[in-house]
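Please consult the sequence and the structure shown below while reading.

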Amino acid sequence: MYKCFGLKRIFSRAAVLILLAAICCGALFPLRYGISSAAEASAERPVPLPVIMYHSVCEKAPADYIVSPLQLENDLIWLKDHGYTSVSAQQLIDYTNKNGELPQKPVLITFDDGFYNNLSIALPLLEKYDMCAIVSIVGKYTDDYAPADPHADAYSYLTWEDISQLIASNRIEIGSHTYDMHSRDSRRQGCAINPDETPEQYSYTLNMDIGLLNTELHDSCGISPVVFAYPFGALCRESLPVLRDNGIKISLTCREGMNYITRSPDCLYGIFRNNRSGLVSTEEYMSELTKELPESQ
């Protein structure tokens with residue numbers, strides 16, 4: 001009798017524990033899954049970002065790094081007709097820092113090397129179609145070449161006064177393309193580290209170069225660049241700490257492909273870009289630029 005009573009008491013306790021566990025599970029699992037579902041629902045998908053890399057825009061014969069004014073205009077018309085909105089570097093920085101939104105179909109337009117025709121030809125077209133762009137300059141070109149041959153669409157580079165005009169348009173952000181590392185020779189490829197160079201030596205060299213252009217942009221135009229374009233796309237891991245230390249928040253490569261922008265600022269380092277060759281039509285280029293986009297876009 002006592003044994004039976006003891007068993008009943010044990011089973012009763014077990015039943016109570018099972019019941020409590022069932023109640024807890026019934027109460028907690030929906031809450032847990034509810035939180036998970038809410039988190040999943042609120043999680044934002046990466047935003048596809050195609051990036052165009054232009055160089056010179058002039059009436060010379062089209063080449064790999066030269067497009068005609070008509071080609072540029074046709075490109076901008078295509079983007080407009082297909083629902084794209086150009087975005088600025090600051091918009092991308094704000095978005096990755098969880099401040100602001102991006103348009104449904106963003107596109108980033110960039111120009112490398114700092115040709116004068118970016119001001120004389122490209123800017124009026126950007127204004128006409130309500131778009132913005134990044135122009136990355138080479139400091140030595142502005143110091144040495146621009147004053148010698150000023151304001152020729154076919155070959156001149158931007159002067160400091162020209163750069164100030166671009167900034168004043170509120171459509172152009174100025175990026176760094178190094179002060180004097182835009183070269184390919186036996187000594188160095190762009191701003192990549194040399195095989196016989198220590199990380200400390202490289203860091204000093206790149207810091208001096210980037211710092212010089214930063215100083216000249218600040219003193220001549222009142223800005224500090226937040227965008228860096230690797231010359232020839234020659235990048236190396238040792239460059240990233242130097243870029244960060246110099247206030248760079250976006251780095252542009254020459255590797256082609258689609259970018260996917262998240263709410264993490266780190267996604268803006270190593271941006272892919274598709275070079276706009278003047279040897280292909282707008283339709284051919286845009287087809288290649290957007291081939292990785294989902295069909296819904």
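With which residue does Lys128 form a salt bridge, and how far apart are the closest N and O atoms? The partner is Glu73, and the closest N and O atoms lie 2.8 Å apart. A salt bridge is here a side-chain nitrogen of Lys or Arg within 4 Å of a carboxyl oxygen of Asp or Glu. The model is predicted, so local features need pLDDT of at least 70 and side-chain atom pairs count only at pLDDT 80 or more, while totals for chains, interfaces and linings use all residues. Residues are numbered from 1 along each chain as its sequence is written, and side-chain values use heavy atoms, with hydrogens and water left out.

**Overall composition**

- The protein chain has 9 helices and 13 strands; these are DSSP runs numbered from the N terminus, with helices (H or I) of at least four residues and strands (E) of at least two.
- Of the 297 residues of the protein chain, 47% count as buried. Buried means under 20% relative accessible area, exposed means over 50%, and partly exposed lies in between (1.4 Å probe, protein chains only).
- Among contacts (heavy atoms within 4.5 Å) between residues at least 6 apart in sequence, 67% join residues at least 24 apart.

**Salt bridges**

- A search of the whole structure finds 10 salt bridges. In general, side chains of opposite charge can pair when their charged atoms come close.
- Lys128 and Glu73 pair at 2.8 Å between the closest N and O atoms. This pair links distant parts of the chain, with Lys128 in helix α4 (residues 117-128) and Glu73 in helix α2 (residues 69-81), 55 residues apart.
- Lys128 counts as exposed because its relative accessibility is 56%, whereas Glu73 is buried at 18%.
- Arg263 and Glu101 meet through their side chains in a salt bridge of 3.0 Å, N to O. The two residues are 162 residues apart: Arg263 is in the loop between β11 (259-261) and β12 (269-271), and Glu101 is in the loop between α3 (89-96) and β6 (106-113).
- Arg263 counts as buried at 16% relative accessibility, while Glu101 is exposed, with a relative accessible area of 55%.
- Asp144 forms a salt bridge with Lys140, and their closest N and O atoms are 2.7 Å apart. Both residues lie in helix α5 (residues 139-148), 4 residues apart, which is about one turn of the helix.
- Asp144 is partly exposed at 37% relative accessibility, and Lys140 is partly exposed at 26%.

**Packing of α6 and α7**

- Helix α6 (residues 160-168) and helix α7 (residues 199-221) pack at an angle of about 75 degrees, and their axes are 10 Å apart. Axes are lines fitted to C-alpha atoms, for helices over the stretch in contact, and angles run from 0 to 180 degrees between N-to-C directions.
- The two helices α6 and α7 are therefore roughly perpendicular to each other; angles of 65 to 115 degrees count as such.
- Trp160, Ile163, Ser164 and Ile167 of α6 meet Leu213, Glu216, Leu217, Ser220 and Cys221 of α7.
- The residues of this contact between α6 and α7 divide into 6 nonpolar, 2 polar and 1 charged. Ala, Val, Leu, Ile, Met, Phe, Trp, Tyr, Cys and Pro count as nonpolar, Asp, Glu, Lys and Arg as charged, and the others, Gly among them, as polar.

**Helix α4**

- The 12 residues of α4 reach 16 Å from the first C-alpha to the last, close to the 16 Å expected at 1.5 Å a residue. The expected span of a helix is 1.5 Å times one less than its number of residues.
- The buried residues of α4 include Leu119, Ile121, Leu123 and Leu126. The buried residues of α4 pack against β3 (56-57), α2, β6, β7 (133-137), α6 and β8 (172-176).
- Pro124 lies in helix α4 and is partly exposed, with a relative accessible area of 39%.
- Just after α4, Asp130 takes a positive phi of about 55 degrees.

**Helix α7**

- With 23 residues, α7 reaches 32 Å from its first C-alpha to its last, close to the 33 Å expected.
- Among the buried residues of α7 are Tyr202, Asp209, Asn214 and Glu216. The buried residues of α7 pack against β7, α5, α6, β8, β9 (227-229) and α8 (239-245).
- Gly222 follows α7 and has a positive phi, near 75 degrees.

How values were computed:
Angles under 35 degrees count as roughly parallel, over 145 as roughly antiparallel, 65 to 115 as roughly perpendicular and the rest as oblique.
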